[in-house]
Amino acid sequence: MNNLNFISLDYKLCKDLYLYQKRFSPLLENNFWKKDELQEFIKKEKSHGRLCIFSKSIIGFYLALCNSDYLEIYTIFVDPSYRKKGVGSLLLKDCIDFCKVNLINKIILEVSDENYDAKKMYFSNNFEIIGERKNYYEKKDKREDALVLELDLII
């Protein structure tokens with residue numbers, strides 16, 4: 001997709017990101033960040049959040065935190081109407097570029113074992129399974145396992 005812009009999350013954008021998430025709250029489930037939580041997140045010295053903008057609208061975002069030698073991605077989300085168009089991969093590439101510039105050796109994240117599209121994207125970007133959390137996610141009437149994934153950036 002052309003004309004995508006990536007901008008860092010700051011205090012001015014917390015309300016916009018909150019409203020964006022609210023629009024998709026059923027899809028975000030327990031991964032919904034309230035405005036005050038976003039502001040607290042930004043205060044953390046090693047927080048990193050970026051929004052993907054298309055035609056002046058948010059179409060995706062990620063939130064991550066640097067921990068010594070790795071970046072932990074807390075959430076990556078793409079507007080459903082922009083999925084399967086490479087936006088998620090571009091957000092992930094933005095994370096990888098951030099790590100390379102900041103000499104961060106790896107990225108860690110967790111994903112539901114049932115989130116097939118996300119897993120496909122992560123595996124196609126060389127993430128590997130390093131752990132599993134049984135019955136970690138509570139979904140409506142069932143529980144799902146979480147996979148802990150890692151991307152080693154040391155070349």
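Leu-51 sits in strand β2, which spans residues 47-54; helices (H or I, at least four residues) and strands (E, at least two) are DSSP runs, numbered from the N terminus. This is a predicted model, in which local features need pLDDT of at least 70, side-chain atom pairs count only at pLDDT 80 or more, and totals for chains, interfaces and linings use all residues. Residues are numbered from 1 along each chain as its sequence is written, and side-chain values use heavy atoms, with hydrogens and water left out.

Is Leu-51 buried or exposed? Leu-51 counts as buried because its relative accessibility is 1%; buried means under 20% relative accessible area, exposed over 50%, and partly exposed in between, with a 1.4 Å probe and protein chains only. Along the sequence, 44 residues separate Leu-51 from Ile-7, yet their C-alpha atoms are 5.3 Å apart in space. Ile-7 is also one of the residues in contact with Leu-51, along with others including Phe-6, Leu-17 and Phe-61, once neighbours within four places in sequence are left aside. Contact here means heavy atoms within 4.5 Å.

Now let us move to the nonpolar core. A nonpolar core is a set of buried Ala, Val, Leu, Ile, Met, Phe, Trp, Tyr and Cys residues joined through side-chain atoms within 4.5 Å. The largest one has 30 residues, and those with the most contacts inside it are Leu-71, Ile-73, Val-87, Leu-92, Ile-107, Tyr-122 and Phe-127. Two or more residues of this core come from each of β3 (57-67), β4, α4, β5, α5 and β7. Which element gives the largest share of this core? That is α4, with seven residues. Apart from this core lies another, of 18 residues, with Cys-14, Leu-17, Trp-33 and Leu-51 among them.

Leu-65 belongs to strand β3 and is buried, because its relative accessibility is 11%. Between Leu-65 and Ile-42 there are 9.8 Å in space, C-alpha to C-alpha, and the two are 23 residues apart in sequence. Beyond its sequence neighbours within four places, Leu-65 contacts residues including Lys-44, Ser-47, Tyr-70 and Tyr-74.

With a relative accessible area of 8%, Ile-104 is buried. Ile-104 and Leu-71 are 33 residues apart in sequence, while their C-alpha atoms are 6.9 Å apart. Setting aside residues up to four places away, Ile-104 also touches Cys-66, Asp-69 and Leu-153, among others.

Next comes the largest pocket. On a 1 Å grid over the protein atoms alone, a pocket is an open set of points where a 1.4 Å probe fits, with protein on both sides within 12 Å along at least five of seven lines, and lining residues have an atom within 4 Å of a point. About 1400 Å³ of space lies in this pocket, its volume being the space filled by probe spheres set on the points, which are joined across faces, edges and corners. Its lining has 43 residues, and Ile-76, Val-111, Asn-115, Ala-118 and Tyr-122 lie nearest its centre. β4 gives the most to this lining, with eight residues.

Ser-112 lies in β5 and is buried, with a relative accessible area of 7%. Among the residues that Ser-112 touches, beyond those up to four places away in sequence, is Asp-145. Asp-145 has its place in β7, residues 142-152, and is buried at 17% relative accessibility. The side chain of Asp-145 reaches the backbone nitrogen of Asn-135 at 2.8 Å.

Asn-135 lies in strand β6 and is partly exposed, with a relative accessible area of 41%. Most residues other than glycine have a negative phi. The phi of Asn-135, however, is positive, near 50°. Asn-126 also has a positive phi, of about 70°, although it is not a glycine. Where does Asn-126 lie? Asn-126 is in the loop between α5 (116-124) and β6 (128-139), and counts as exposed because its relative accessibility is 57%.

Key: Polar contact = N/O pair within 3.5 Å; in protein donor to acceptor, adjacent residues only side chain to side chain.
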